Structure formats: C-alpha cells, structure tokens
Amino acid sequence: MSLEQDIARLALQEERLRFKHFNEADAWALGSLMRAAAVERNIPFVIDIRIGNRPLFYTALPGSTPENPDWVRRKVNTVLRFHKSSYRLGREYALKGQPFDQSRGLDPLGYAPAGGGFPIHIIGTGVVGVVTVSGVPQRDDHNFVAEMLCQYLGVPYQDVALDPEQD
C-alpha cells in the first residue's frame with residue numbers, strides 16, 4: 001500500500017471511528033475490551049485511554065517494558081497537538097519527506113509520529129482525548145487500536161482496515 005493510500009485510509013478511519021459520547025464508563029468498557037483481546041493474543045501492550053491529560057484507563061501487560069509508557073506519552077502528545085492519529089501524522093511526514101524534529105518546532109522527546117495513538121473524537125464536539133497502545137511494531141499498534149475501536153463502535157473493520165504493508 002502506498003503512503004497516499006495509507007493516509008487516505010487513515011483519514012477514513014478517523015472519520016468513521018467517532019463517538020456519540022465518551023465518559024469514564026466508556027473508557028473502562030473500551031479499555032477492558034482492548035485488554036482482554038491483548039491478553040488473549042499474548043500482546044505485551046501498555047494501554048492508555050484518557051480525556052485530555054486525565055487518565056481514565058491504564059494497564060501494562062506482561063512483556064511490556066519501561067520504555068512503553070514513554071512511547072505512550074509521546075503518542076498522546078502527538079494526537080492531542082495535531083488531532084489525528086499518530087500513525088497518520090508519521091505517514092504524512094514520510095510522504096512530504098520532512099523530518100519530525102526541532103526544525104518543525106517539535107521536540108522528538110515529547111512527540112512520536114508512530115502508530116498506536118488514536119483520537120477520541122466526539123461528534124459535534126471534536127477531539128477530546130486519546131486511545132493509545134505501545135508494545136509491538138507501529139503499524140500493528142495502530143491496527144490493534146483501529147480494530148478495537150471498530151468492535152466497540154460497531155463499524156465493520158474490513159471497511160476501514162489498512163492493507164498489509166508491502167516489503
């Protein structure tokens with residue numbers, strides 16, 4: 001799949017995977033769904049769901065490392081600043097051939113344009129928070145979040161899924 005195709009599909013995901021409402025109970029239900037799926041698949045995730053800077057769900061599964069929470073923090077910062085998935089932002093920068101660094105006013109220690117952070121967008125309100133995972137390669141991080149959001153929101157995953165990455 002080309003960068004352009006990826007970016008278009010990621011934008012479609014962000015358009016389709018929006019919430020009518022999102023509160024503490026929603027965060028717990030979504031986080032529990034994600035945790036159960038990750039445990040079943042033996043994926044060593046850190047899972048973080050928050051509204052703004054307020055954490056509502058957090059878990060670190062066996063096999064995750066002390067580095068994963070820092071990746072989560074950086075992905076959260078990226079989504080909250082740009083109001084798009086961290087993977088989409090990384091793909092957009094790759095397409096432009098631009099660095100994601102101080103030359104763009106961004107501290108690489110504070111932001112990560114890597115897969116795994118997805119905006120919590122409430123219809124009629126906008127982006128209010130982030131669902132984030134870290135633990136596997138970035139495309140897999142992103143795909144897991146998108147799949148779980150589809151399941152939670154009742155959107156057929158095949159309608160929005162990324163094509164397999166080409167080597």
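**Reading helix packing and strand pairing**

Q: Which hand does the crossing have where H2 passes H5?
A: H2 passes H5 in a right-handed crossing. A crossing is right-handed if the near helix is turned clockwise from the far one by less than a right angle, and left-handed if anticlockwise. Helices (H or I, at least four residues) and strands (E, at least two) are DSSP runs, numbered from the N terminus.

Q: What kind of model is this, and how are residues numbered?
A: This is a predicted model: local features need pLDDT of at least 70, side-chain atom pairs count only at pLDDT 80 or more, and totals for chains, interfaces and linings use all residues. Residues are numbered from 1 along each chain as its sequence is written, and side-chain values use heavy atoms, with hydrogens and water left out.

Q: At what angle do H2 and H5 pack?
A: Helix H2 (residues 24-41) packs with H5 at about 125 degrees, and their axes lie 10 Å apart. Axes are lines fitted to C-alpha atoms, for helices over the stretch in contact; angles run from 0 to 180 degrees between N-to-C directions. H2 and H5 are therefore oblique to each other. Under 35 degrees counts as roughly parallel, over 145 as roughly antiparallel, 65 to 115 as roughly perpendicular, and the rest as oblique.

Q: Which residues of H2 and H5 meet?
A: Contact means heavy atoms within 4.5 Å. On the H2 side are Asp26, Ala29, Leu30, Leu33, Met34, Ala37, Ala38 and Arg41. H5 brings Phe144, Val145, Glu147, Met148, Leu149, Gln151 and Tyr152. The residues of this contact divide into 11 nonpolar, one polar and three charged. Ala, Val, Leu, Ile, Met, Phe, Trp, Tyr, Cys and Pro count as nonpolar; Asp, Glu, Lys and Arg as charged; the others, Gly among them, as polar.

Q: How do H1 and H4 pack?
A: Helix H1 (residues 3-16) and helix H4 (residues 86-96) make an angle of about 150 degrees, with their axes 9 Å apart. H1 and H4 are therefore roughly antiparallel to each other. Their crossing is left-handed. The H1 residues in this contact include Ile7, Leu10 and Glu14, and those in H4 include Arg88, Arg91 and Leu95. The contact divides into seven nonpolar, no polar and six charged residues.

Q: In what order do the strands form the sheet?
A: Two strands pair if DSSP finds at least two bridges between them. Here four strands form an open sheet in the order S2-S1-S4-S3, with antiparallel pairing. Strand S2 (54-60) and strand S3 (117-122) stand at the edges with a single partner strand each, so one side of each has no neighbour in the sheet. Neighbouring strands are turned by 15 degrees against each other on average, direction ignored.

Q: How many bridges join S1 to S2?
A: Six bridges join strand S1 (residues 46-51) to S2, and the two run antiparallel. Ile47 stands opposite Thr59 in S2. The hairpin of S1 and S2 has two residues between the strands, and Gly52 takes a positive phi near 55 degrees there.

Q: How do S3 and S4 pair, and what packs on the sheet?
A: S3 and strand S4 (residues 126-134) pair antiparallel over six bridges. Ile120 stands opposite Gly129 in S4. Helix H5 (residues 138-153) packs on the sheet and touches S3 and S4. The direction of H5 makes about 125 degrees with that of S4.

Q: In what order do the elements run?
A: From the N terminus on, they run α-α-β-β-α-α-β-β-α.
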